[in-house]
Amino acid sequence: MAEIIRVPRSEMAGGGKVPAIILGDNGFLRRYGSTLTITEISRRIRYALDWADIGISAGDERVLEAARRARAPWVLHHTDVAFQADGRKAHFGRSMATLHELLKARAPEFPQTDQLMGEFVASFARNTPYRSRTVFAVDSPATKRVRDRIHKYQPAMTTIGGDYLDALIALGAIDEARAALQPILAECRSSASIPVLTTYLAGLAESRDLLRIADGFAAVMAPLNEIGVAMPPDRDVVIDSLRRLGLPVVAMHVLAGGSIKPTPALQYALHRDRAAAVVVGASTPEHISLLMTASRQVFEGVEAR
């Protein structure tokens, strides 16, 4: 298989170094809304860091604070694009319903080939999707909060986008999306945080739209695994789209919803697909241990390439 990326391992634009394994923060929270204290989260982070030289991801501010207390040497911060729709704060359910509409139109067979993702996205169909006539605008107060977090915690990398941004891309609201992205990208530049575009639509979005959105980003984070879970319309199309995008790839969903064991999943993403890094979550300390053991088994081979 041809390489997806064309840059040296673990390097992004601007010379930033990136660990090959980044541990997702659901391993510390178990689920968002968790009642774990910052001290307890910090202990889990230290437990993971004692296993291996890895990165720590943090979408929740509690994890950012816990990572700082644990003196984690490398932190990735997940953040959303903040926008308003028809004068109201963007709604997650409506954003997901918008993606459900796109999936039905462009990949009607995908819910059968990928039942896990198909059922998840379809669960939001009760919400009213956004339409092309919806008036989108930057949510300035929410954007300021995002910028303030980046400035305060100085994460090594910031991933920006996800479901909210994908809804804008699905509707072709590219100018509005770029307007919402620019203030966050500016803060990343100011804070020396590597900006990474996050999208689930690499295989469904128009190439010209993705290229315009990706301007100013150092890499792209997208689902990437051997069997194509969460990769609509199919793995081959996603791989081709990522290759044409021409950015280093940070892989997510490498375990394919638990369908692939950690060691072969990491080996495939890092060796075969040559992802620059993988973000992998774990739900319990026991799962963290299994994942860290797998990372040790593949890490030496990854670094030697």
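Mentor: Buried means under 20% relative accessible area, exposed over 50%, and partly exposed in between, with a 1.4 Å probe and protein chains only. This is a predicted model: local features need pLDDT of at least 70, side-chain atom pairs count only at pLDDT 80 or more, and totals for chains, interfaces and linings use all residues. Residues are numbered from 1 along each chain as its sequence is written, and side-chain values use heavy atoms, leaving out hydrogens and water.

Trainee: Which residues of α4 are buried?

Mentor: G93, S95, M96, A97, T98, L99, H100, L102 and L103. Helices (H or I, at least four residues) and strands (E, at least two) are DSSP runs, numbered from the N terminus. The buried residues of α4 pack against β4, α5 (110-113), α6 (115-122) and α8, with contact meaning heavy atoms within 4.5 Å.

Trainee: What makes F83 and Y164 an edge-to-face pair?

Mentor: Rings of Phe, Tyr and Trp (its six-membered ring) pair if their centres lie within 6.5 Å; planes under 30 degrees apart count as stacked, over 60 as edge-to-face, the rest as tilted. By this rule there are seven aromatic pairs. The centres of F83 and Y164 are 6.2 Å apart and their planes stand at 80°, so this pair is edge-to-face. F83 lies in strand β4 (residues 83-85) and Y164 in helix α8 (residues 163-170), so the pair ties together parts 81 residues apart in sequence. F83 and Y164 are both buried.
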